[in-house]
Amino acid sequence: MSVRTVGGRPHHVVVVGAGLSGLAAALHLAGRGRAVTVLERGPVPGGRAGRHDTQGFRIDTGPTVLTMPEIVQDTLAAVGESLSSRLPLVRLDPAYRAHFADGTTLDVRTDAEAMTEAVRDFAGPREAAGYRSLRDWMTRLYEAEYGRFIASNVDSPLGLLTPQLARLAALGGFGRWDRAVGRFLHDERLRRVFTFQSLYAGLSPRRALALYAVIAYMDTVGGVYFPRGGMRALPDALAGAAAQAGVVFRYDTTVSRLERRGRHVTALHTNGGERIGCDAVVLSCELTESYRLLGHTPRRPWPLRPAPSAVVLHLGAHGDWPRTSHHNLVFGHAWQSTFTDLVRDGRLMRDPSLLLTRPTVTDPQLAPPGRQLLSLLAPVPNLRQSRIDWDLVGSAYAGELVEVLADRLPGLSGPVERLHVTTPADWRRQGLIAGTPFSLAHTFPQTGPFRPANLPRTVDNAVLAGCGTVPGVGIPTALLSGRLAADRVTGVPARRAPRVLDRAGRHR
């Protein structure tokens with residue numbers, strides 16, 4: 001099915017923003033013979049995948065969970081590069097270690113046999129059989145969803161009326177995520193492991209569509225990976241490959257306005273007074289900033305709804321921390337009320353569930369010798385949901401999180417040193433909508449063709465990319481967003497077909 005493009009054959013394309021979506025757009029455009037210039041306001045690539053170095057610690061301030069490396073491979077392959085040469089990855093086993101409030105733990109493994117045995121030992125044979133059925137269902141859901149609903153541009157809801165839609169409906173994709181998982185698993189602890197990812201979508205599992213269980217597929221079946229050198233190695237690798245392919249990068253360069261002739265963007269002006277001509281532009285900055293530059297915010301039947309935010313606390317520690325893995329889910333007693341607090345009531349979690357990441361398990365070079373680097377993420381309401389003065393209470397709340405962690409995981413090695421804290425106020429200062437790094441929630445009115453479109457209707461040669469537009473939030477989807485933006489500029493290359501995994505995990 002054909003989709004709308006900017007038309008013509010633009011030669012010089014300017015990409016605004018060197019986040020993951022902007023880098024992906026630049027690579028795909030360069031691979032299709034376009035001259036590409038990337039303008040980035042910061043000093044390094046990465047965008048939300050940020051970095052902060054202090055006292056010998058190499059801190060990733062953005063996402064810590066990397067899934068679907070084949071999408072990274074496809075992005076690099078656009079310019080003839082390979083994942084193995086540009087970005088060696090370590091597959092994490094376990095993908096997560098889940099710590100429950102009753103003192104039990106479960107290593108979440110992506111190998112089917114290993115995880116079946118782990119579930120059998122943890123919760124019995126009925127739950128083990130349920131896990132295998134759940135795994136099969138998530139795989140079929142992914143196969144039905146990926147090619148048409150995630151990895152392709154769609155111009156209108158009518159474009160979704162395909163056999164894949166009927167298949168997705170038959171699989172229960174338009175039901176509720178929590179209820180769908182509950183068909184297979186009865187142990188409430190296990191249900192958390194396969195639904196906590198709804199927070200990435202900005203919703204409670206009871207409210208999120210079951211089709212978003214593909215996020216759980218990506219990490220609990222597809223696998224979780226980590227690049228040597230930390231998550232910053234991902235944007236560095238993409239930018240390095242793009243530069244070698246001829247993409248021109250201009251860092252510390254902020255775009256102040258677009259110059260237009262009628263419906264056509266002819267140049268970009270920077271805060272430094274420079275004018276940069278273009279044939280087309282890809283805006284991969286925050287959605288609100290893109291609309292400001294375009295001079296138009298599209299009207300919508302429903303107001304945009306941001307996802308909850310997060311406080312992220314980075315710590316330095318001594319000792320081995322033997323009870324923890326690379327990624328750790330630290331659950332409280334409460335579950336449904338956690339989402340009520342965050343999503344409905346806009347308040348801090350009364351019994352918080354946390355994500356603890358210890359990347360020095362995999363790469364000790366990220367900390368000084370004998371030290372551990374820890375990152376603790378606590379979901380919190382965004383700034384539109386609450387009136388919390390984070391500049392006033394952020395430090396105290398970070399201290400409370402350390403106390404919660406010490407209470408949940410007693411006996412861990414020694415005191416911890418606070419290295420860096422990021423709160424919703426900091427996200428807002430970075431220009432992120434409502435102070436959240438998770439952009440817009442994946443409610444039904446903000447899903448698929450109802451999400452803000454990547455092809456503005458008021459400008460003929462501008463395209464949007466990033467987590468505020470299609471397909472959504474996360475590293476794989478950010479990379480796909482860049483490729484979808486490139487498709488809007490050049491059309492879809494005839495040689496490329498969407499990559500879909502079969503049930504054995506192979507591409508077909």
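Residues are numbered from 1 along each chain as its sequence is written. Because the model is predicted, local features need pLDDT of at least 70 and side-chain atom pairs count only at pLDDT 80 or more, whereas totals for chains, interfaces and linings use all residues; side-chain values use heavy atoms, with hydrogens and water left out.

Helices (H or I, at least four residues) and strands (E, at least two) are DSSP runs, numbered from the N terminus. Residues are called buried under 20% relative accessible area, exposed over 50%, and partly exposed in between (1.4 Å probe, protein chains only). Two strands are said to pair if DSSP finds at least two bridges between them.

Strand β9 covers residues 224–227. In a regular strand the side chains alternate between the two faces of the sheet. In β9, V224 and F226 point one way, while Y225 and P227 point the other way. All of these residues are buried. Strand β5 (residues 66–67) is joined to β9 by 2 bridges, and the two strands run antiparallel. T67 has V224 of β9 as its bridge partner. Strand β6 (residues 89–91) also runs antiparallel to β9, with 3 bridges between them. Here R91 has Y225 of β9 as its bridge partner.

Salt bridges were assigned where a side-chain nitrogen of Lys or Arg lies within 4 Å of a carboxyl oxygen of Asp or Glu. The count by this rule is 31 salt bridges. One of them is formed by D236 and R51, whose closest N and O atoms are 2.9 Å apart. D236 lies in helix α10 (residues 233–244) and R51 in strand β3 (residues 51–54), so this pair ties together parts that are 185 residues apart in sequence. D236 is partly exposed, with a relative accessibility of 32%. R51 is likewise partly exposed, at 25%.

In another salt bridge, the side chains of D187 and R189 meet at 2.8 Å, N to O. D187 has a relative accessible area of 15% and is therefore buried. R189, at 17%, is buried as well. The salt bridge between R350 and D341 has an N to O distance of 2.7 Å. R350 is exposed, with a relative accessible area of 51%, whereas D341 is buried at 2%. A network of salt bridges links D93, R97, D107 and R109.

Surface patches were built from residues with over 30% relative accessible area and no salt bridge, joining like charges within 9 Å and nonpolar side chains (Val, Leu, Ile, Met, Phe, Trp, Tyr) within 5 Å. Accessible areas come from the Shrake-Rupley method with a 1.4 Å probe, and for residues only the protein chains shown count as cover. Lys and Arg count as positive and Asp and Glu as negative; His and the chain ends are not counted. The place of a charge is taken as NZ of Lys, CZ of Arg, CG of Asp or CD of Glu.

A patch of positive charge on the surface is formed by R176, R179, R207 and R305. R207 is located in the loop between α8 (188–193) and α9 (214–220). The relative accessibility of R207 is 59%, so this residue counts as exposed. A nonpolar surface patch of about 270 Å² is made by F174, F444 and F450. F450 belongs to the loop between α14 (424–429) and β20 (462–464). With a relative accessible area of 30%, F450 is partly exposed.

Most residues other than glycine have a negative phi, and most peptide bonds are trans. D93, a member of the salt-bridge network, is joined to P94 by a cis peptide bond with omega about 10°. P94 lies in the loop between β6 and β7 (96–99). A cis peptide bond also joins V470 and P471, with omega about -5°. P471 is in the loop between β20 and α15 (475–490).

Positive phi values occur at D252, near 55°, and at W321, near 50°; neither residue is a glycine. D252 lies in the loop between β10 (248–250) and β11 (255–261) and is exposed, at 57% relative accessibility. W321 lies in the loop between β15 (309–318) and β16 (327–330) and is buried, at 4% relative accessibility.
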